[in-house]
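Come along as I look things up one at a time.

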Amino acid sequence: MPATERALELVRTAAAAAVEKLATDVVALDVSDQLFITDAFVLASAPNERQVRSIAEAVEEQLLPLGAKPVRREGEREGRWVLLDFIDVVVHVQHAEEREYYALERLWKDCPPIELPAPAGAADGAAAE
């Protein structure tokens, strides 16, 4: 069963919030067929701890008006990998080094990607890819 419409709404909002705070390599995966505890993952990278925290805060702020509040939050103090669990969606904001080392995309490679809208201001060629 694919991710619910609610999960997709949260994914798109979280991804947009991350991009707005200059997150890199933002991707979303539909993990609903592999996990029964959540529908989707959002993965985002940042070059330093301060930006990891800033992206996580922005995601929380943007999802709150949609009635989504994290039931679990981990890693904020260290700022290397912040995990926000919104039940339907789990957001992973990782320092670029952690992202490369743990390679969650490779771990969940059997899960289909969720198409995300092109970031505002993206070149036409980049948006088409």
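Below are my entries, grouped by topic.

**Entry: starting point**

I noted at the outset that this is a predicted model.

**Entry: threonine 38**

I began with threonine 38 and asked where it sits. I found threonine 38 in the loop between β1 (24-30) and β2 (40-46).

Is threonine 38 buried or exposed? I looked up its relative accessible area, which is 4%, so threonine 38 counts as buried. The cut-off for that word is under 20%.

Next I checked which backbone oxygens lie by its side chain. The backbone oxygen of isoleucine 87 is 2.9 Å from a polar atom of the threonine 38 side chain. For the backbone oxygen of aspartate 88, I wrote down 3.0 Å to a polar atom of that side chain.

I then set aside the neighbours within four places in sequence and listed the contacts of threonine 38. They are Val31, Ser32, Ile87, Asp88, Val89 and Val90.

**Entry: leucine 29**

I moved on to leucine 29, which has its place in strand β1. Its relative accessible area is 7%, so I marked leucine 29 as buried.

What does leucine 29 contact, leaving aside its neighbours within four places in sequence? My list reads Asp39, Ala40, Phe41, Leu43, Trp108, Cys111, Pro112, Pro113 and Ile114.

I also looked up a spacing from leucine 29. Valine 19 is 10 residues from leucine 29 in sequence, and their C-alpha atoms are 16 Å apart in space.

**Entry: aromatic rings**

A reminder to myself: a pair of aromatic rings is described by the distance of the centres and the angle of the planes.

How many aromatic pairs are there? I counted 3 aromatic pairs. The rings of phenylalanine 41 and tryptophan 108 have centres 5.4 Å apart and planes at 85°, so I labelled this pair edge-to-face. The two partners come from distant parts of the chain: phenylalanine 41 is in strand β2, tryptophan 108 is in the loop between α4 (104-107) and α5 (124-128), and they are 67 residues apart. Both phenylalanine 41 and tryptophan 108 are buried.

I turned to tryptophan 81 and tyrosine 102, whose aromatic pair is tilted, with 5.0 Å centre to centre and 55° between the planes. This pair also links distant parts of the chain, with tryptophan 81 in strand β4 (residues 81-85) and tyrosine 102 in helix α3 (residues 96-102), 21 residues apart.

I checked how open these two are. Tryptophan 81 has a relative accessible area of 25% and is partly exposed. Tyrosine 102 is partly exposed too, at 43%. I also noted that Trp81, Tyr101 and Tyr102 form one aromatic cluster.

**Entry: charged pairs**

Another reminder: side chains of opposite charge can pair when their charged atoms come close.

I found 8 salt bridges in the structure. One of them joins the side chains of glutamate 9 and arginine 6, at 3.6 Å from N to O. Glutamate 9 and arginine 6 are 3 residues apart in helix α1 (residues 5-20), so about one helical turn separates them. Glutamate 9 is partly exposed at 36%, and arginine 6 is partly exposed at 30%.

I then looked at glutamate 60, whose side chain meets that of arginine 73 in a salt bridge of 2.7 Å, N to O. Here the link runs between distant parts of the chain: glutamate 60 is in helix α2 (residues 49-63), arginine 73 is in strand β3 (residues 72-74), and 13 residues separate them. Glutamate 60 counts as buried, at 18% relative accessibility, whereas arginine 73 is partly exposed at 40%.

Arginine 73 turned up again in a salt bridge with glutamate 76, where the closest N and O atoms are 3.7 Å apart. Glutamate 76 is partly exposed, with a relative accessible area of 31%.

**Entry: a pocket**

Last, I looked up the second largest pocket, which has a volume of about 160 Å³. Which residues line the second largest pocket? I wrote down Leu35, Ile37, Thr38, Phe41, Arg72, Leu83, Asp85, Val90, His92 and Trp108. The elements giving two or more residues to this lining are β4 and β5 (89-95).

Methods. Residues are numbered from 1 along each chain as its sequence is written. This is a predicted model: local features need pLDDT of at least 70, side-chain atom pairs count only at pLDDT 80 or more; totals for chains, interfaces and linings use all residues. Side-chain values use heavy atoms; hydrogens and water are left out. Helices (H or I, at least four residues) and strands (E, at least two) are DSSP runs, numbered from the N terminus. Buried means under 20% relative accessible area, exposed over 50%, partly exposed in between (1.4 Å probe, protein chains only). A polar contact is a pair of N or O atoms within 3.5 Å; within protein, one must be able to donate a hydrogen and the other to accept it, and residues adjacent in sequence count only if both atoms are side-chain atoms. Contact means heavy atoms within 4.5 Å. Rings of Phe, Tyr and Trp (its six-membered ring) pair if their centres lie within 6.5 Å; planes under 30 degrees apart count as stacked, over 60 as edge-to-face and the rest as tilted. A salt bridge is a side-chain nitrogen of Lys or Arg within 4 Å of a carboxyl oxygen of Asp or Glu. On a 1 Å grid over the protein atoms alone, a cavity is a set of points where a 1.4 Å probe fits but cannot get out, and a pocket is an open set with protein on both sides within 12 Å along at least five of seven lines; lining residues have an atom within 4 Å of a point. Grid points are joined across faces, edges and corners, and a volume is the space filled by probe spheres set on the points.
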